[in-house]
Amino acid sequence: SQSFGGAGSLEVNTVTDHEQFSQELQLIGNYDSLQWVAGAYYFDEEGTQGERQYLDRATVDQTGIIALDLTNFPPTPCSDGSTSAPFCTDFTAFFPLYLGEYVVDTDVESWAVFGQATWNATERLDLTLGLRYTDDDRSAVRTNDGLLWNSFGPGVSESSLDEPDYTAIVDYQWTENVSTYAKYSTGFRSGGSSRNGLDFNQAFDKETLESFELGWKTELLDQNLRLNGAIYHMEIDDVILDYLPDPVNNPQFVEVFNSGDAEIDGLEIDLQWLLTDNVLLGLSYAYLDYEINDAIFPDGSDRSDSTELLWAPEHAYSVIFDWNIPTGYGVYTFHLDYAWQDDQFALANTDGGEVVVEDFGLLNGRISPADVEMLGGNWQFAIFGENMTDEDAANYRIGATAATFLKPRVWGAELIFEY
């Protein structure tokens, strides 16, 4: 993909392999007006990610030339001794077609214990308290292919934390069909390593969060309409940020660090309306606004005004439509869903240019005769479409150098037989 700032074409080839195991155990009980749950959680992951970077991959693949000696005219092939080309005479006057390969091996082990209890204080008032304790250990090792101009040097980074988190909820049932609640909770996001950073030995720390939420739950029109919503305010300390130290000449470097705090305000609304016994309409909408303060970057500059929150679309909505048609041969189900989300920043700092995943929407559909009794069993047959409008857009970006794209339009059929 093309880097910005006139830096030319930086191409990356990334291969990822990982294994993970997780297990959660819960114990649920109640006594009189008290309901409770207690449990434990364990997570273990081992992963390897290798990345090769090129400024002209086609030439490297076709000719094996990894660099050009600019002290000659026209420029001639050269190398660091790893190929048969002559040794580059001056490493301040050469052009690397191949920037090298690095590999990051990661190991994550995390466990937690938790408990939550709800007390029915009155017929209408419920009080809930929750506690979770997490122990999280992460380590990573970066190695490279030994290429002389490979800028991703070897390194080791570690992150270890033990963190308690809390939840408190007050829920009041005003009528049989209307309730409101207030919720306070804390949370965190673990630290780690900058895999594309210059100094891999420098790990970044955790960020912590406090959340305040007010919400309502209603069932109206003889319980045919369900309208739920919430407004919330979040405060994040030691925000995990990333930036390009040199976006013009070295867009391959992405540094991750902690700095500043963020305040986030949002609104979420969810509606489900049973229009008839067989027709359901669903709508949801989310709005988000944020402000970042005291974003001091590693060079000492305050870039709060040019720093954005990652993966935080201002607006998002979805619509679903389900229509069930009973027949003598079973139930025919027609389903449509559409989801849209606003622009999102993929790189926190915008001084060197904005890295944005632009807004996109996805339309999916499904038609299925279900519960057809035939030949001694239950048959379900479906025809479905995914991304039916064939939306062609990026859905993820990695810094300024790489992107993934939406899956193209897919048509398919499915046959299920149960006996």
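This report walks through a predicted protein model, from the whole chain down to a few single residues.

## Reading the model

Residues are numbered from 1 along each chain as its sequence is written, and side-chain values use heavy atoms, with hydrogens and water left out. Because the model is predicted, local features need pLDDT of at least 70 and side-chain atom pairs count only at pLDDT 80 or more, while totals for chains, interfaces and linings use all residues.

The score used is pLDDT, the predictor's confidence in each residue, from 0 to 100. The chain has a mean pLDDT of 92, and 96% of its residues reach 70 or more. Residues 1-8 are another matter: pLDDT stays under 50 there. For this stretch the model has 24 contacts beyond four places in sequence, a contact meaning heavy atoms within 4.5 Å. Where pLDDT is low, the predicted coordinates should not be read in detail.

## The whole chain

Next comes the overall picture. The chain holds one helix and 27 strands; these are DSSP runs numbered from the N terminus, with helices (H or I) of at least four residues and strands (E) of at least two. Along its principal axes, the C-alpha trace spans about 85 × 50 × 40 Å.

Of the 419 residues in the chain, 36% are buried. Buried means under 20% relative accessible area, exposed means over 50%, and partly exposed lies in between (1.4 Å probe, protein chains only). The chain exposes about 23400 Å², with carbon and sulfur atoms supplying 54% of that area; accessible areas come from the Shrake-Rupley method with a 1.4 Å probe, and for residues only the protein chains shown count as cover. Among contacts between residues at least 6 apart in sequence, 62% join residues at least 24 apart.

Now let us look at some strands. Two strands pair if DSSP finds at least two bridges between them. Strand 6 (residues 98-120) and strand 7 (residues 125-144) run antiparallel and are joined by 19 bridges. These two strands form a hairpin with four residues between them. One of the bridges links Trp-111 to its partner Asp-135 in strand 7.

Strand 7 also pairs with strand 8 (residues 155-173), in the antiparallel sense and over 18 bridges. Here Arg-142 has Gly-155 in strand 8 as its bridge partner.

Asp-136 has its place in strand 7 as well. With a relative accessible area of 3%, Asp-136 is buried. Leaving out residues up to four places away in sequence, Asp-136 touches Glu-109, Ser-110, Ser-159, Ser-160, Leu-161 and Ser-190.

## The disulfide

How many disulfides does the chain have? The count comes to one, taking a disulfide as a pair of cysteine sulfur atoms within 2.5 Å. Cys-78 and Cys-88 form it, with their sulfur atoms 2.1 Å apart. Cys-78 lies in strand 4 (residues 76-78) and Cys-88 in the loop between strand 4 and strand 5 (94-96), so the pair ties together parts that are 10 residues apart in sequence. The torsion about their S-S bond is about 80°, so the disulfide is right-handed. Cys-78 is buried, and so is Cys-88.

Tyr-290 lies in strand 17 (residues 279-293). Tyr-290 and Gly-266 are 24 residues apart in sequence, and their C-alpha atoms are 8.5 Å apart in space. Among the residues that Tyr-290 touches, not counting those up to four places away, are Glu-263, Ile-264, Ala-312 and Phe-345.

Asn-395 sits in strand 25 (residues 394-398) and counts as partly exposed because its relative accessibility is 30%. Asn-395 and Glu-373 are 22 residues apart in sequence and 41 Å apart in space, C-alpha to C-alpha. Beyond four places in sequence, the residues that Asn-395 touches include Trp-311, Val-357, Phe-360 and Phe-405.

The table gathers polar contacts of the residues described above. A polar contact is a pair of N or O atoms within 3.5 Å; within protein, one must be able to donate a hydrogen and the other to accept it, and residues adjacent in sequence count only if both atoms are side-chain atoms.

| Side chain | Partner side chain | Distance |
|---|---|---|
| Asp-136 | Ser-110 | 3.3 Å |
| Asp-136 | Ser-190 | 3.4 Å |
| Tyr-290 | Glu-308 | 2.5 Å |
| Asn-395 | Thr-404 | 2.8 Å |
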